[in-house]
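Please look through the following model with its helices, its aromatic rings and its backbone in mind. The paragraphs below take these topics in turn.

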Amino acid sequence: MFELSRFSRLDSAFAQFFSTSSLTSKFEQETLKNLLAQLSYIYYQGNTCLKLSSQQKKILLNSNLVTTTENNLTVRPLHIDQYNHLYLRRYWDYEQRLITKLRTMQKNDAFISNLEDLLDVFFQSNPELKTNYQRKAAKCAVNQNITIITGGPGTGKTTTVVKILALLQKINVNKPLLIALAAPTGKAAMRLQESVTSSKATLNCEQSIKDVLPKVVTTIHRLLGAKPPSPYFQYNQKNLLPYDLIVIDEASMIDLAMMSKLVSAIKPTARLILLGDKEQLVSVESGTVLADLTEALPNNTIELQKTYRFKGEIKAFAEAINQKNFMQAWKLTQQKNAAIEHLGDDFLVYLANQHINYFELIKKRANFKEIYAAFNKFQILCAHREGKNSVSDLNYQLEKVLHSREYINLSTTWYVGRPVMIAQNNTTLQLYNGDIGLCLLDENSEVKVFFPRSDGGDSQGYSPSRLPHCETVFAMTIHKSQGSEFEEVCVCLPEYQQTILTKELLYTAITRAKERIKLITTEAIFVATVQTSVTRITGLVEQFKITL
């Protein structure tokens, strides 16, 4: 019998719908239903395909629901590749479009000779480094249309790419390249813009070169021209983006569908530079695209080795977690040092105290940039949205403490000092999922929610009633924190081990901190988390090998 209890109602409905139109015998119907339900289920776990046994493949081939590599003339809802991976047809097409376009871009690589003198201008020799990986990345980006620059936080990915942009503009001085910079979320885009602005000021080149570097960073959705509520974009394989070079930051956050749509919209002769940390959390949706591409395109991938953001305990902590060395990692949390500390049961007092300066600045009516900077010095990061030690739990508990100290007034939802995160895109207001604003009084003492401006201006205020759905954000999920950095983070894990708790999640959380990390967890949960890795089934690497 079909095991309905194993799957969600959506999985079961999917299996039921397609199995009724299949040509399989009654004997094979139950196996087919289970396979279809399992396929639906594994997509929601982040996989892009399902590995089949020979018997399962035979049943599917008899169903009239699948195409194969050998028989791909008709369009059917499922596809089986050469490695016996079962795909939803849509995801098979995403993979194939991505591979085909990247291979086309590779064919347009143009080697540039006499490059060393120019590289010397932007990448001076460093006796501390046996290999200057930043210089190596620049050479790759100049001579190849696809460049993947990976590395942990603070390894200089943004600094490197700004130098690469200046180098390419210097090479193309008579016809400057049209360049776009983008990131998956508004927060990541803002961080990239800050980093680019800072790095641009230190460039060793003429002002005329700096002037033709991009001044604005956008989200990928804005870059492609989102057409909500549809999943389609203004720019696509039939209407290509006009840019000669596109740089995408935080590429580990991009799922297969989005990466396929992005690359499909790029000109075949354009350059694409992907930046990201392949050790971080993978995308929320299906795929491990950045990690897969680094494996499939080793000659296009440069991993930066040296970190400049943090040293000592935080660096050692990140490395121990990444290497699954749970004994060393836990030991670092128990040593009394300024960088890493395990908080006790009275942690709420500590969390509230970290916001005192923020509320004092609000009381003094300081300018927005000063208040926003004070809020961003400290962030609580949680694994879950609901439950003990979750986003909703800690936001609620912290609000009660702050109310008791008279820093906030909970008699109104839109109290002064409430930090909020946008949870739904609003293209009219140009507010996007992940954008963070602060509820403050304007010059007329009216409550407004102020957001940083993407053009570098002070802020933009909105009446709360105009905002799309948003949530209080004293605490946020670790997923939402990707692309951000703070002086200090407090990482809160739940009381019980769950599938979401992995070393990638913990690594992402602790590498948001520049100076200090606080932990709220038990030893058992911490150890289990460090020992667990994200495992997803994809076919991207194998399909790339076929196209060689």
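A residue is called buried when its relative accessible area is under 20%, exposed when that area is over 50%, and partly exposed in between, with a 1.4 Å probe and protein chains only. Helices (H or I, at least four residues) and strands (E, at least two) are DSSP runs, numbered from the N terminus. The model is predicted, and local features need pLDDT of at least 70, side-chain atom pairs count only at pLDDT 80 or more, and totals for chains, interfaces and linings use all residues. Residues are numbered from 1 along each chain as its sequence is written, and side-chain values use heavy atoms, with hydrogens and water left out.

Two packed helices are described by the angle between their axes and the distance between the axes. Axes here are lines fitted to C-alpha atoms, for helices over the stretch in contact, and angles run from 0 to 180 degrees between N-to-C directions. For helix 4 (residues 89-107) and helix 11 (residues 256-264), the axes come within 9 Å and cross at roughly 40°. That makes helix 4 oblique to helix 11, given that angles under 35 degrees count as roughly parallel, over 145 as roughly antiparallel, 65 to 115 as roughly perpendicular and the rest as oblique. The crossing of helix 4 and helix 11 is left-handed, a term used if the near helix is turned anticlockwise from the far one by less than a right angle, with right-handed used if it is turned clockwise. On the side of helix 4, the residues in contact include Y91, Y94 and E95, and those they meet in helix 11 include L256, A257 and M259.

A second pair is formed by helix 7 (residues 157-171) and helix 8 (residues 186-201), whose axes come within 9 Å and cross at roughly 60°; helix 7 and helix 8 are therefore oblique to each other. Their crossing is right-handed, and the contact brings T158, T159 and V162 of helix 7 to L192, S195, V196, S199 and K200 of helix 8.

The crossing of helix 1 and helix 2 is right-handed. Among the residues that meet there are L10, D11 and F14 in helix 1 and L36, S40 and Y41 in helix 2.

Y41 leads on to the aromatic rings. Rings of Phe, Tyr and Trp (its six-membered ring) pair if their centres lie within 6.5 Å, and planes under 30 degrees apart count as stacked, over 60 as edge-to-face and the rest as tilted. By this rule the count comes to 16 aromatic pairs. One of them is the edge-to-face pair of F7 and Y41, at 6.3 Å centre to centre with 65° between the planes. This pair links distant parts of the chain, for F7 lies in the segment before helix 1 (9-19) and Y41 in helix 2 (residues 26-43), 34 residues apart. F7 is buried, with a relative accessible area of 10%, whereas Y41, at 38%, counts as partly exposed.

The rings of F359 and F474 have their centres 6.4 Å apart and their planes at 40°, so the pair is tilted. F359 lies in helix 16 (residues 356-363) and F474 in the loop between strand 17 (470-472) and strand 18 (475-477), so the pair ties together parts that are 115 residues apart in sequence.

Most residues other than glycine have a negative phi. N64, although not a glycine, has a positive phi of about 70°; N64 lies in the loop between helix 3 (54-61) and strand 2 (66-68) and, at 36% relative accessibility, counts as partly exposed. Q430, also a residue other than glycine, has a positive phi near 60°, and its place is in the loop between strand 13 (419-422) and strand 14 (436-441). Q430 is exposed, with a relative accessible area of 56%.

Key: Contact means heavy atoms within 4.5 Å.
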